[in-house]
Amino acid sequence: MPIAEFGPCERVLVIAPHPDDAEIGCGGTVARLTREGVSVHYVIATNGDKGTEDPNLTNEDLARIREREQRGAAELLGVTDVTILQNGDGELVDGHDLLREITRHVRRVRPDIVLTTDPFRTSFYIHRDHRITGMVAMDAVFPFARDRLHFPEHMELGLEPHKTAEIYFWGAEEPDVFVDISDTIDVKIEATKVHESQFGADAGEWIRRWAERIGAQRGMGHAEEFRRYGISRMMLDGEGDNDTDQ
């Protein structure tokens, strides 16, 4: 069990809205997981092709820059592989095309847990891509990746149905899981800085203060926080009904 705050896991799938969101939301946790030998995989729902104020950059230029940054940041954290879906920034649609694609990656990676952004927060602004990514990730795990009659074309690709034990949402208004990242805060900051088109050298100070604030609530030096959503371990063994518990 690499991180006591999570259940036992060997494979973790991070589903993020844009390049840089994974590093901001769970970069310290990812670094802890990979240091303990867990295989962590990224799926990025958009190519981030619109997040710039530079009048000289085209959408294609920015997408290339952000892919390079994302792969570099993931490498620093020890991530196994990075998949960037070619959806434009701000163009996600909560429909079967995106659901099919996310479900395919859940079945491909076969994660024990999924980390993604919380789509339910209400007290402050949230980008539509964040809302849609979190909702579709949750739907993909429960029940689409689990039940074999959803997207049967995946079976033709050799992708069997898969039951994921839990989702952990970052950015939650009411977190209930706190991960100590005191030993990985520095690499989280360095990975975030790789996204120079978005943050550059300005990322370090606010990332550190944010992690200190969360950690202070739980007696930790630096921490990241999540809201857990999961199914019972009995259900993974085929017992019980199809209801989820939170």
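This is a predicted model: local features need pLDDT of at least 70, side-chain atom pairs count only at pLDDT 80 or more; totals for chains, interfaces and linings use all residues.
Local features were taken at pLDDT of at least 70 and side-chain atom pairs at pLDDT 80 or more, whereas totals for chains, interfaces and linings use all residues. Residues are numbered from 1 along each chain as its sequence is written, and side-chain values rest on heavy atoms, with hydrogens and water left out.

Helices (H or I, at least four residues) and strands (E, at least two) are DSSP runs numbered from the N terminus. Seven strands form an open sheet of mixed pairing, in the order β3-β2-β1-β4-β5-β7-β6, where two strands count as paired if DSSP finds at least two bridges between them. The edges of this sheet are β3 and β6 (177-180), each of which pairs on one side only, and the twist averages 25° from one strand to the next; axes are lines fitted to C-alpha atoms, for helices over the stretch in contact, and angles run from 0 to 180 degrees between N-to-C directions. Strands β5 (residues 166-170) and β7 (residues 223-230) run antiparallel and are joined by five bridges, with W170 having F226 as its bridge partner in β7. Helix α4 (residues 128-144) packs on the sheet, where it touches β1 (11-16), β4 (113-117), β5 and β7, and its direction makes about 160° with that of β4; contact here means heavy atoms within 4.5 Å.

Helix α2 (residues 59-77) lies across β2 and β3, running at about 155° to β3. The 19 residues of α2 should span 27 Å at 1.5 Å a residue, which agrees with the 27 Å between its end C-alpha atoms, the expected span being 1.5 Å times one less than the number of residues. Its buried residues (under 20% relative accessible area; exposed, over 50%; partly exposed in between; 1.4 Å probe, protein chains only) are L62, A63, I65, R66, E69, Q70, A73, A74 and L77. These residues lie on the same side of α2, because they cover an arc of only 165° around the axis, as given by the directions from the helix axis to the C-beta atoms. Their cover includes α1, β2 (39-44), β3 (81-84) and α6 (185-193), while E60, R64, R68 and E75 are exposed on the other side of α2. The helix is followed by G78, whose phi is positive, near 85°.

A nonpolar core is a set of buried Ala, Val, Leu, Ile, Met, Phe, Trp, Tyr and Cys residues joined through side-chain atoms within 4.5 Å. In the largest such core, of 35 residues, F6, V12, V14, V40, Y42, L115 and F226 touch the most other members. Helix α1 (residues 21-35) gives the most to this core, with five residues. A second, separate core of 25 residues includes L13, V43, V136 and M138.
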